[in-house]
Amino acid sequence: MVKGGDNVLQDRQLEQLKVIELDRGVIRKVAPYLREQGYRHVLLVADDHTYAAAGEQLMGLLEAEGVNTRVVLIQPDAQGDVVADEIAIVQLLLEIRPDETDVLLAVGSGTIHDIVRFAAHKTGKPFVSVPTAPSVDGFTSAGAPLIVRGVKKTVPAVPPVAIFADLDILMAAPQRLVAAGFGDMLGKYTSLFDWKFSRLTAGEPYDEQAAAITERALRSCVSHAEAIGARTEEGIRALMTALIESGIAMLLFGQSHPASGAEHHLSHYWEMEYLRQGRRALLHGAKVGVACAEIARVYHAAGEGMLPGAELAALREHREQVRAWLRDLPGEAELRGLLRKAGGPSTLAELGIGEELFARSLREAHRVRDRRTLLRALNEAEQA
């Protein structure tokens with residue numbers, strides 16, 4: 001088994017995540033945990049929506065436990081979106097008082113966690129996670145996807161020391177956020193394919209255990225698609241468990257390969273283009289789910305015909321293996337059907353992604369990350 005990154009660092013990061021609580025009412029365990037750990041001064045980080053969803057209730061519980069807590073609400077940008085960019089990061093860093101901040105408390109979903117994990121890393125402070133929606137798989141991640149000068153970059157950060165995922169809060173999250181979490185998980189179909197492809201054709205590092213964890217989480221999610229769409233306790237528990245496990249797989253491997261392939265590259269490309277145009281942001285998982293269906297369509301089309309000429313030399317020895325993997329990849333119709341079951345968008349039109357942007361992203365999005373996806377191979381072969 002080959003691991004990516006620094007094994008010592010990965011082991012240390014896994015050791016940092018000591019507590020994972022997923023059940024109804026676990027928000028009531030946060031304050032006692034903080035006191036037990038000796039955290040006397042807490043900085044609660046949220047935005048207006050996540051503070052209403054869980055932060056206000058948590059503040060009452062912290063006050064009742066006698067935990068000294070300050071609150072910082074991350075402000076939205078000009079479009080009304082809370083974004084993990086330089087402005088939000090500086091806002092939080094200015095609120096972290098070295099001698100008066102023992103721990104950061106991330107109350108929110110993906111964006112709040114990305115801002116907090118980066119700030120925690122830079123200041124050497126631990127952070128505790130209180131998810132308010134099962135919308136992304138990055139809660140346990142050690143990497144922070146940030147927007148820096150309009151460009152999406154994933155930078156080293158730290159995982160939380162504890163996660164308190166309260167099912168009562170998660171079940172109350174808007175359906176679009178629940179569906180986004182399902183879309184983020186569905187994207188593992190193409191990310192896992194791309195990871196195997198990169199190992200086979202470019203010798204990129206691979207970890208069987210991380211791949212197995214991710215695939216198991218994906219299959220559990222798919223089998224609960226209807227329950228997730230109905231926001232039942234069983235469905236939300238299955239979705240949040242899958243999202244946490246996917247994040248742990250990335251933590252185990254030390255990089256995002258298990259959970260991020262060409263479908264994520266399209267999503268990042270669209271996100272940067274929307275920022276450039278000053279348009280309202282789309283939910284990450286919603287983009288990933290639709291992008292997964294589009295990438296599956298492209299990959300199946302490539303597998304059914306001759307792969308482009310310049311790619312023949314690279315794949316001559318492994319062509320049948322690649323096609324066998326493609327046979328295990330669901331088609332776009334099946335993927336779109338699953339997205340609909342979960343209550344999310346299933347087409348580019350529903351997302352609002354235009355044909356020109358989509359065509360351009362298919363040609364250029366592989367440059368967002370330096371990874372050997374099949375999309376990258378197809379584009380390079382066409383340009384050769």
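Which residues have the most contacts inside the largest nonpolar core?

## The nonpolar cores

F182, W270 and Y299 have the most contacts inside this core, which has 76 residues. A nonpolar core is a set of buried Ala, Val, Leu, Ile, Met, Phe, Trp, Tyr and Cys residues joined through side-chain atoms within 4.5 Å. Buried means under 20% relative accessible area, with a 1.4 Å probe and protein chains only. Helix 13 (residues 284–304) gives the largest share of the core, ten residues. Another core lies apart from it, with 24 residues, among them A46, L58, L62 and F164.

F182 touches C221, V222, A225, I228, L239, L338, L339 and A342, leaving out residues up to four places away in sequence. Contact here means heavy atoms within 4.5 Å.

## How the model is read

This is a predicted model: local features need pLDDT of at least 70, side-chain atom pairs count only at pLDDT 80 or more, and totals for chains, interfaces and linings use all residues. Residues are numbered from 1 along each chain as its sequence is written, and side-chain values use heavy atoms, with hydrogens and water left out. Helices are DSSP runs (H or I, at least four residues), numbered from the N terminus.

## Two cavities

A cavity is a set of points on a 1 Å grid over the protein atoms alone, where a 1.4 Å probe fits but cannot get out; lining residues have an atom within 4 Å of a point. There are two cavities of 30 Å³ or more. Asp, Glu, Lys and Arg count as charged; Ala, Val, Leu, Ile, Met, Phe, Trp, Tyr, Cys and Pro as nonpolar; the others, Gly among them, as polar.

The second largest cavity holds about 40 Å³. A179, A180, A286, L339, A342, G344 and P345 line it. Six of these residues are nonpolar, one is polar and none is charged.

## A closer look at S198

Is S198 buried or exposed? S198 counts as buried because its relative accessibility is 3%. S198 lies in helix 8 (residues 188–202). Beyond its neighbours within four places in sequence, S198 is in contact with G203, E204 and R372.

Notes: Helices (H or I, at least four residues) and strands (E, at least two) are DSSP runs, numbered from the N terminus. Buried means under 20% relative accessible area, exposed over 50%, partly exposed in between (1.4 Å probe, protein chains only). On a 1 Å grid over the protein atoms alone, a cavity is a set of points where a 1.4 Å probe fits but cannot get out, and a pocket is an open set with protein on both sides within 12 Å along at least five of seven lines; lining residues have an atom within 4 Å of a point. Grid points are joined across faces, edges and corners, and a volume is the space filled by probe spheres set on the points.
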